[in-house]
Amino acid sequence: MKLIPPILLMFALLTGCSSFDQNQRKSAKEVESFTHREGVLTIFSLDPNLPDEEVPDAFHRYRVLGRTVVTNAGQKEDLLRKLAESIRRNEGEVAACFNPRHGLRFEADGKQVDMVICFECRSADVYGSSVENFLLTGHGKAEFDAVLTGQGIPPGEE
């Protein structure tokens, strides 16, 4: 009789982990699928502070500090693979904040998928996909920042 509660607890934990793992795998796979598709990848630098009122040209309510379209196919593939790897590497770590400084938009075949990314707290919100959010690590942040700064766009301040 004393084994039943620990077994139930273990089952509940495994079920929750399984759901988390499935979401992470699905998210990474979707991001990686963009590397094989013709489409436009835009990177946004975001002000992590939500404004009190609506801002024109905002990216999912966040003020846009700048944006650039990634035109080099190799660079696009590298950035998306790093993001997918970042998603795969997260093992459930997340902070309580959400101060996104990066946004991504992938447009192809008349559809778009947007990601509002907070490398600081290790999470992202997703729009236009069956995945609504995912966790990630800081892997790839430096490369995203380099693309922005290479175009004279300051990354969102930490």
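A residue counts as buried when its relative accessible area is under 20%. This cut-off is applied below to a predicted model. Of the 158 residues in the chain, 39% count as buried.

The chain contains 3 helices and 6 strands. Followed along the sequence, these elements give the pattern α-β-β-α-β-β-β-β-α. Contacts between residues at least 6 apart in sequence were also examined, and 63% of them join residues at least 24 apart.

Strand 3, which covers residues 102-108, has 6 of its 7 residues buried, so the rest of the structure largely encloses this strand. Strand 3 is paired with strand 1 (residues 40-46) through 6 bridges, and the two run antiparallel. It is also paired with strand 4, again in an antiparallel arrangement, through 7 bridges. Strands 3 and 4 form a hairpin, with 2 residues between them.

The structure holds 3 aromatic pairs. One of these is formed by phenylalanine 34 and phenylalanine 106, which are stacked, with 4.3 Å from centre to centre and 15° between the planes. Phenylalanine 34 lies in the loop between helix 1 and strand 1, while phenylalanine 106 belongs to strand 3; the pair therefore ties together parts that are 72 residues apart in sequence. Phenylalanine 34 and phenylalanine 106 are both buried. Another aromatic pair, made by phenylalanine 119 and phenylalanine 144, is tilted, with a centre-to-centre distance of 6.1 Å and an angle of 40° between the planes. This pair also links distant parts of the chain, 25 residues apart: phenylalanine 119 is in the loop between strand 4 and strand 5 (123-127), and phenylalanine 144 is in helix 3 (residues 141-150). Both phenylalanine 119 and phenylalanine 144 are buried.

A search for cavities of 30 Å³ or more gave a count of 1. The volume of the largest cavity is about 30 Å³. Its lining consists of Ser27, Glu30, Val31, Val113, Met115, Val126, Val131 and Phe134. By residue class, the lining divides into 6 nonpolar, 1 polar and 1 charged. Helix 1 (4-33) and strand 4 (111-118) each supply at least two of the lining residues. The largest share, 3 residues, comes from helix 1.

Lysine 82 is located in helix 2, which spans residues 73-89. The relative accessibility of lysine 82 is 19%, and because the cut-off for buried is under 20%, this lysine counts as buried. When residues up to four places away in sequence are not counted, lysine 82 touches His139, Gly140 and Glu143.

Definitions and conventions. Residues numbered from 1 in each chain as written. Predicted model: local features only at pLDDT ≥ 70, side-chain atom pairs only at ≥ 80, totals over all residues. Heavy atoms only, no water. 1 Å grid on protein atoms, 1.4 Å probe; cavity = no way out; pocket = protein on both sides within 12 Å on 5 of 7 lines; lining within 4 Å. Points joined across faces, edges and corners; volume = space filled by probe spheres on them. Helix = DSSP H or I, 4+ residues; strand = E, 2+ residues; numbered from the N terminus. Nonpolar A, V, L, I, M, F, W, Y, C, P; charged D, E, K, R; others polar. Buried < 20%, exposed > 50% of the residue type's maximum accessible area, 1.4 Å probe, protein only. Pairing = 2+ DSSP bridges. Contact = heavy atoms within 4.5 Å. Phe/Tyr/Trp six-rings, centres within 6.5 Å; stacked < 30°, edge-to-face > 60°.
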